[in-house]
Amino acid sequence: MLQWEEQVRRRASVAERSLGSLTDPILREVAIICWPYGKIMRMSTGSTAADAGRRMGVDGKLLWVNGQLVLPQTELKDGDIVEVRT
């Protein structure tokens, strides 16, 4: 599982570097990984951790992004791992 996570992060990083500043206007969405289920969700660019929580059905819960507790208004980036902990 850790290898898979590292591959996803590496691919997102390579894609970001190769597209540079063109990423936002062209793609208009980000792909995030919801943990603990490993589901990949596509959300529009500018989506926040709170948006992901609502879509996961856990509105009002604490969310971690890439292993760090974040504020609800934290904007998500391509390849972020969003985790719900109870």
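**An open mixed sheet and its nonpolar core**

In this predicted model, 5 strands form an open sheet in the order β2-β1-β5-β3-β4, and the pairing is mixed; two strands are taken to pair if DSSP finds at least two bridges between them. The edge strands are β2 and β4, each of which pairs on one side only. The protein has 3 helices and 5 strands, where helices (H or I, at least four residues) and strands (E, at least two) are DSSP runs numbered from the N terminus. Read from the N terminus on, these elements follow the order α-α-β-β-α-β-β-β. Residues are numbered from 1 along each chain as its sequence is written, and side-chain values use heavy atoms, with hydrogens and water left out. Local features need pLDDT of at least 70 and side-chain atom pairs count only at pLDDT 80 or more, whereas totals for chains, interfaces and linings use all residues.

Within the sheet, β1 and β2 pair in the antiparallel sense over 6 bridges, and cysteine 34 stands opposite lysine 39 in β2. These two strands form a hairpin with 3 residues between them, and glycine 38 in the turn has a positive phi of about 75 degrees. An antiparallel pairing also joins β3 and β5, here over 3 bridges, with leucine 63 standing opposite valine 84 in β5. Helix α3 lies across β1, β2, β3 and β5, and runs at about 125 degrees to β2; such angles run from 0 to 180 degrees between N-to-C directions, the axes being lines fitted to C-alpha atoms, for helices over the stretch in contact.

The largest nonpolar core has 13 residues, and those with the most contacts inside it are Ile32, Met43, Ala52, Leu63, Leu76 and Val82. A nonpolar core is a set of buried Ala, Val, Leu, Ile, Met, Phe, Trp, Tyr and Cys residues joined through side-chain atoms within 4.5 Å. At least two residues of this core are supplied by each of β1 (29–35), β2 (39–44), α3 (49–56), β3 (63–65) and β5 (81–84), and the largest share, 3 residues, comes from β1. Methionine 43 touches Glu29, Val30, Ile32, Asp51, Ala52, Arg55 and Leu76, not counting residues up to four places away in sequence, a contact being heavy atoms within 4.5 Å.

Of the 86 residues of the protein, 30% count as buried; buried means under 20% relative accessible area, exposed over 50%, and partly exposed in between (1.4 Å probe, protein chains only). Serine 47, in the loop between β2 and α3, is buried, with a relative accessible area of 6%. Its side chain reaches the backbone oxygen of serine 44 at 2.7 Å, and serine 47 also touches Thr74, Glu75 and Leu76, when residues up to four places away in sequence are not counted. Glutamine 68, by contrast, is found in strand β4 (residues 68–69) and counts as exposed because its relative accessibility is 54%. The C-alpha atoms of glutamine 68 and valine 82, which are 14 residues apart along the chain, are separated by 9.4 Å.

For the protein as a whole, the accessible surface comes to about 6000 Å², of which 52% belongs to carbon and sulfur atoms. Among contacts between residues at least 6 apart in sequence, 42% join residues at least 24 apart.

Methods:
A polar contact is a pair of N or O atoms within 3.5 Å; within protein, one must be able to donate a hydrogen and the other to accept it, and residues adjacent in sequence count only if both atoms are side-chain atoms. Accessible areas come from the Shrake-Rupley method with a 1.4 Å probe; for residues, only the protein chains shown count as cover.
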